[in-house]
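Have the sequence and the 3D view open as you read.

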Amino acid sequence: MELSINAQAPNFSLPNQDNAEISLQDFGGSWVILYFYPKDKTPGCTKEACDFRDNLSELNDLSAVVLGISPDSVKSHQSFIEKEKLNFTLLSDTSKNVLKAYGAWGPKKLYGKEYEGVIRSTFIINPQGKIAFIWKNVKVKGHIEAIKEKLKELQNLPS
């Protein structure tokens with residue numbers, strides 16, 4: 001099922017980098033930037049994570065929290081956070097159930113070969129738990145700026 005704007009965001013509970021269960025409902029009342037990425041410590045995913053790291057205080061000023069989800073293990077997330085000094089939560093979805101619930105797992109093509117994988121996606125979830133905006137097949141370059149602009153727009157703030 002394809003998620004759409006104004007739909008209720010599917011709730012989930014996943015282990016974070018410290019192996020603590022984190023649920024989407026823990027963030028009720030906040031804006032949540034939920035982003036799905038393929039793999040810890042790969043060039044595009046590292047760039048994306050570092051963009052979130054470097055812009056986190058600005059996002060926090062917009063009442064937003066950042067949650068990154070990939071199929072990597074808790075241990076992999078711990079190592080990625082330490083290596084890149086990440087300052088936000090990474091969640092481990094080894095079952096891929098949350099990836100699938102958000103439509104962030106599916107057929108991809110690389111060099112003409114089709115395979116199943118993570119579709120780089122970002123969701124903005126409003127304080128009421130509804131999906132406010134969706135990006136699919138995200139290109140990392142310029143994405144953080146687009147997120148900040150959209151967040152300001154959704155909150156009726158000047159750009």
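Predicted model: local features only at pLDDT ≥ 70, side-chain atom pairs only at ≥ 80, totals over all residues.

Y35 stands opposite G68 in β4. Strands β3 and β4 run parallel and are joined by 6 bridges. As a reminder, strands of a sheet pair through backbone hydrogen bonds, either parallel or antiparallel.

Zooming out, 5 strands make up an open sheet with mixed pairing, in the order β5-β4-β3-β8-β9. Which strands stand at the edges? They are β5 (89-92) and β9, each with a single partner strand, so one side of each has no neighbour in the sheet. On average, neighbouring strands here are turned by 20° against each other, ignoring direction. Helix α4 packs on this sheet and touches β3, β4, β8 (121-125) and β9. The direction of α4 makes about 160° with that of β9.

Now for the nonpolar side of things. In soluble globular proteins, nonpolar side chains tend to be buried together. Here the largest nonpolar core has 24 residues, and F52, L59 and F88 are the ones with the most contacts inside it. At least two residues of this core come from each of β3 (31-36), α1 (43-61), β4 (64-70), α2 (74-84), β9 (131-135) and α4 (143-154). Helix α1 gives the most, with 5 residues.

Q17 sits in the loop between β1 (13-15) and β2 (21-23). Is Q17 buried or exposed? Q17 counts as buried because its relative accessibility is 12%, below the 20% cut-off. Its side chain reaches the backbone nitrogen of L90 at 3.0 Å. Beyond residues up to four places away in sequence, Q17 touches V74, H77, Q78, I81, F88, T89 and L90.

Then there's C45, which the UniProt record (an unreviewed entry) annotates as "active site". C45 is placed in helix α1. With a relative accessibility of 1%, C45 counts as buried. Setting aside residues up to four places away in sequence, C45 touches Y37, P38, K39, F80 and R120.

Finally, a look at backbone angles. Most residues other than glycine have a negative phi. N6 lies in the segment before β1, while K96 is found in the loop between β5 and α3 (97-101).

Here is how the residues picked out above come out on accessibility:

| Residue | Relative accessibility | Class |
|---|---|---|
| C45 | 1% | buried |
| Q17 | 12% | buried |
| K96 | 24% | partly exposed |
| N6 | 58% | exposed |

Key:
Residues numbered from 1 in each chain as written. Heavy atoms only, no water. Core = buried A, V, L, I, M, F, W, Y, C linked by side-chain atoms within 4.5 Å. Buried < 20%, exposed > 50% of the residue type's maximum accessible area, 1.4 Å probe, protein only. Helix = DSSP H or I, 4+ residues; strand = E, 2+ residues; numbered from the N terminus. Polar contact = N/O pair within 3.5 Å; in protein donor to acceptor, adjacent residues only side chain to side chain. Contact = heavy atoms within 4.5 Å. Pairing = 2+ DSSP bridges. Axes fitted to C-alpha atoms, helices over the stretch in contact; angles between N-to-C directions. UniProt positions renumbered as here; feature names shortened; annotations may be inferred.
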